[in-house]
Amino acid sequence: MATSVFTPASQVLERHQSFFDDKNILIAGDIQDNYPAIIAANIVKIHCSQYHTFLSFKNSKRANNTIFSLYPDTSFYSDINTLIYYWPKTKSEAQFQLSYLLNNMPKDSDIFIIGENRSGVKSVEGLLSDFGSIQKIDSARRCGLYHFRADSRLAFEVKDWWLSYLLTIENQDIEIKSLPGVFSQKALDAGSELLLNALMDHSDIIKGNILDVGCGSGILSTVIGKLNQDISLTLTDVSSAALESSKETLAANNIVARVIASDVFSDISDKYHLIISNPPFHDGKETSYTAVNKLIREAKKHLKLNGYLCIVANSFLPYQSILDETFKSVEIIAQTTKFKVYLASH
């Protein structure tokens with residue numbers, strides 16, 4: 001892996017390298033750089049809950065000790081005595097991930113939690129205070145580094161973390177199931193609702209095989225699958241929690257579909273009649289267009305002749321020009337003050 005500039009969180013960890021030299025470490029959470037590939041320690045294992053992170057370690061010396069999954073199975077913790085956890089974007093996601101990690105870490109393990117102050121890492125003090133003594137051991141680069149020694153294991157049952165809600169669309173009841181950190185976890189978001197209504201108004205394009213990029217909890221595919229029995233659906237996401245949520249949502253609504261991990265088109269080889277997406281444009285707290293740029297610019301290679309790309313985006317985002325550069329025909333088929341739905345064909 002090419003050397004990269006480390007994030008502030010990793011720079012703070014680097015200041016404490018001497019803690020880790022002789023430790024057997026599991027690194028997990030919101031990993032944003034390649035520091036886990038080069039940290040010096042006795043043993044290093046890496047758990048990625050994001051598929052693009054997993055792909056970035058494929059050519060590193062730690063590739064054989066790196067996994068992508070919702071959570072590591074029990075055997076992955078063997079020989080481990082130290083956890084380095086990168087605090088994620090949301091507290092609910094942190095609670096979920098720390099629960100499964102601290103359910104499996106051996107008693108008296110050293111737990112190091114690092115995160116940016118603006119992401120709410122300070123709340124870890126309250127989160128873990130009942131389970132052992134936690135203290136802040138460094139504050140730099142607008143980050144906090146906490147050390148915790150687990151006196152007891154946290155209880156964890158994945159079934160306790162599922163949320164579900166019902167949507168009624170065209171007299172069909174649709175159950176949506178999701179895990180912490182997944183987009184639209186508690187309700188249908190306004191962008192997806194606008195996209196779904198636009199797709200139903202242009203039902204002639206819903207045919208053949210359809211690809212749902214960044215599927216989240218599977219809302220888009222589940223709704224159009226429920227209303228169109230003869231289509232073939234493939235759902236992709238980089239988030240392990242999103243992929244599991246989509247599988248559960250599809251199963252709850254008796255819809256058969258293919259659900260796979262893919263960083264935009266990294267693991268896609270087929271061509272589709274229609275590609276749909278409510279693409280993310282946030283990377284942490286920053287606005288990031290990388291994934292959407294890739295989605296738009298590479299979509300043509302994955303569309304059949306006369307195929308369509310249909311995406312929803314915040315009105316202020318500069319997608320019209322990228323779409324115009326890439327596709328022969330682009331039209332806005334629905335819009336509100338906040339969102340636009342683009343339909344592009346080549």
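The model is predicted, so local features need pLDDT of at least 70 and side-chain atom pairs count only at pLDDT 80 or more, while totals for chains, interfaces and linings use all residues. Residues are numbered from 1 along each chain as its sequence is written, and side-chain values use heavy atoms, with hydrogens and water left out.

Let's start with the strands. Helices (H or I, at least four residues) and strands (E, at least two) are DSSP runs, numbered from the N terminus. Two strands pair if DSSP finds at least two bridges between them. Seven strands make an open sheet with mixed pairing, in the order 3-2-1-4-5-7-6. Strand 3 (66-68) and strand 6 (132-140) are the edge strands, each pairing on one side only. From one strand to the next, the twist averages 20°. Angles like this run from 0 to 180 degrees between N-to-C directions, with axes fitted to C-alpha atoms (for helices, over the stretch in contact).

Strand 1 (residues 24-29) and strand 4 (residues 82-86) run parallel and are joined by five bridges. Which residue in strand 4 is the bridge partner of Gly-29? The partner is Tyr-86.

Helix 5 (residues 91-104) lies across strands of this sheet, including strand 1, strand 4 and strand 5 (110-116), and runs at about 170° to strand 4.

**Helix 11 and its buried side**

A residue is buried under 20% relative accessible area, exposed over 50%, and partly exposed in between (1.4 Å probe, protein chains only). In helix 11 (residues 319-326), the buried residues are Tyr-319, Ile-322, Leu-323 and Thr-326. They cover an arc of only 100° around the axis, which puts them on the same side of helix 11; the arc is that of the directions from the helix axis to the C-beta atoms.

**Aromatic rings**

The whole structure holds 13 aromatic pairs. Rings of Phe, Tyr and Trp (its six-membered ring) pair if their centres lie within 6.5 Å; planes under 30 degrees apart count as stacked, over 60 as edge-to-face and the rest as tilted. Here are two of the pairs:

| Pair | Centre to centre | Angle of planes | Type |
|---|---|---|---|
| Phe-19 and Phe-20 | 6.2 Å | 90° | edge-to-face |
| Phe-96 and Trp-161 | 5.5 Å | 70° | edge-to-face |

Phe-96 lies in helix 5 and Trp-161 in the loop between strand 7 and strand 8 (163-169), so this pair ties together parts that are 65 residues apart in sequence. Phe-96 is buried at 2% relative accessibility, whereas Trp-161 is partly exposed at 22%.

**Two loop residues**

Is Ser-217 buried or exposed? With 2% relative accessibility, Ser-217 counts as buried. Ser-217 sits in the loop between strand 10 (209-213) and helix 8 (219-227). Leaving aside neighbours within four places in sequence, its contacts include Ile-176, Phe-183 and Thr-249.

Ala-187, in the loop between strand 9 (172-178) and helix 7 (190-201), is partly exposed with a relative accessible area of 43%.

Terms used. Contact means heavy atoms within 4.5 Å.
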